[in-house]
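Please keep the sequence and the model in view while reading.

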Amino acid sequence: ETGFFPADRAIAASYRYGVRTGETIRISLTLAPGTEAPRVFVDAFELSPDRAAPRPLASADTASLDFSYVAEADRQHLLRVQPELLRGGRYTLRIRREPSLSFPVKGKNDVAVGSFWGVERDGGTRRHEGIDIFARRGTPVVAAANGTITRVNETPRGGRVVWLADTEHGQHLYYAHLDQQLVQAGQQVRIGDTLGTVGNTGNARTTPPHLHFGVYRSGQGAVAPFPFVRRPDVLPAAPTSPGR
């Protein structure tokens, strides 16, 4: 969106947008060529029904006007854009969603997701606490974040599983139905390191090979993983004229 700040009066603009847990929100503001470069203050806030005042989340450095943050909950957020007093100019603002995790199956993206969060399982007695990513048997399953392998074992439901502690975001990533497990508990891994291969072990033995991928957060338990790994928004062209 483009907008214009007049130099003869104090004014600010605000933008409200919805976010999902695990999305990276990238904010970028540019000034039009030839604009006298004022300082512009860009601040993001979280709106919550149980809090009277918006909670500050992140702010842009006035030199770059480009920043990002990870959404911690499904909420409405508010962005405030305010120029230095009595300084004007035209600006272009972009608000874009990006994944906060790398995709956990090598060579695939969110198009390969065939079963989503919340789908009924076992005749409705429980719900799917993850996403299923379908790929050929033996396709590498990779670390979606830097961290530590905390558990490598086999369970009746998950089959061969691997748990990865994502230390940067304070959460645990769950990989299930693996054909092979290629890491050990205590091992340090980086984004893209191979943890195992796609299979259909456990209760997936009657289904095509796929990775069950889950995200578990402290105090919340399982959360919907799709926003964490969804492809970035396509960046639209800037409007050709100022105005809302």
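Which residues line the largest cavity? The lining consists of E23, R97, E98, P99, P227, R230, R231 and D233. The sections below return to several of these residues.

## Basis of the report

The model is predicted, and for this reason local features need pLDDT of at least 70 and side-chain atom pairs count only at pLDDT 80 or more, while totals for chains, interfaces and linings use all residues. Residues are numbered from 1 along each chain as its sequence is written, and side-chain values use heavy atoms, with hydrogens and water left out.

## The sheet containing β3 and β8

Strands are DSSP runs of E with at least two residues, numbered from the N terminus. Two strands pair if DSSP finds at least two bridges between them. An open sheet is formed by four strands in the order β1-β8-β3-β6, with antiparallel pairing. Strands β1 (2-5) and β6 stand at the edges with a single partner strand each, so one side of each has no neighbour in the sheet. From one strand to the next, the twist averages 25 degrees; the axes behind such angles are lines fitted to C-alpha atoms, and the angles run from 0 to 180 degrees between N-to-C directions.

Within this sheet, nine bridges pair β3 with β8 in the antiparallel sense. S28 stands opposite R94 in β8.

## The sheet containing β4 and β5

Another open sheet has four strands in the order β2-β7-β4-β5, and its pairing is antiparallel. Here β2 (13-19) and β5 (55-59) are the edge strands; each has a single partner strand, so one side of each is left without a neighbour in the sheet. The twist averages 25 degrees from one strand to the next.

Strand β4 (residues 40-47) runs antiparallel to β5 and is joined to β5 by four bridges. The bridge partner of A44 in β5 is A58.

## Salt bridges

How many salt bridges does a search of the whole structure find? The search finds 14, where a salt bridge is a side-chain nitrogen of Lys or Arg within 4 Å of a carboxyl oxygen of Asp or Glu. One of them joins R20 and D74, whose closest N and O atoms are 3.5 Å apart. This pair links distant parts of the chain, 54 residues apart: R20 lies in the loop between β2 and β3 (23-31), and D74 in the loop between β6 (66-70) and β7 (75-83). R20 is partly exposed at 35% relative accessibility, and D74 is partly exposed at 42%. In these terms, buried means under 20% relative accessible area, exposed means over 50%, and partly exposed lies in between (1.4 Å probe, protein chains only).

E98 forms a salt bridge with R26, with 3.2 Å between the closest N and O atoms. E98 belongs to strand β8 (residues 89-99) and R26 to strand β3, so that pair also spans distant parts of the chain, 72 residues apart. E98 is buried, with a relative accessible area of 16%, whereas R26 is partly exposed at 29%.

In a further pair, the closest N and O atoms of R51 and E46 are 3.5 Å apart. R51 is partly exposed at 36% relative accessibility, while E46 is buried at 6%.

## Cavity and pocket

Rolling a probe the size of a water molecule over the atoms shows where empty space is left. On a 1 Å grid over the protein atoms alone, a cavity is a set of points where a 1.4 Å probe fits but cannot get out; a pocket is an open set with protein on both sides within 12 Å along at least five of seven lines; lining residues have an atom within 4 Å of a point. Grid points are joined across faces, edges and corners, and a volume is the space filled by probe spheres set on the points.The count comes to one cavity of 30 Å³ or more, and the largest cavity has a volume of about 30 Å³. Strand β8 gives the largest share of its lining, three residues. By class, this lining has two nonpolar, no polar and six charged residues; Ala, Val, Leu, Ile, Met, Phe, Trp, Tyr, Cys and Pro count as nonpolar, Asp, Glu, Lys and Arg as charged, and the others, Gly among them, as polar.

The second largest pocket has a volume of about 190 Å³. Of the 14 residues that line this pocket, E1, L93, R94, I95 and P236 are the closest to its centre. Strand β8 supplies the largest share of the pocket lining, five residues. The lining of the second largest pocket divides into nine nonpolar, one polar and four charged residues.
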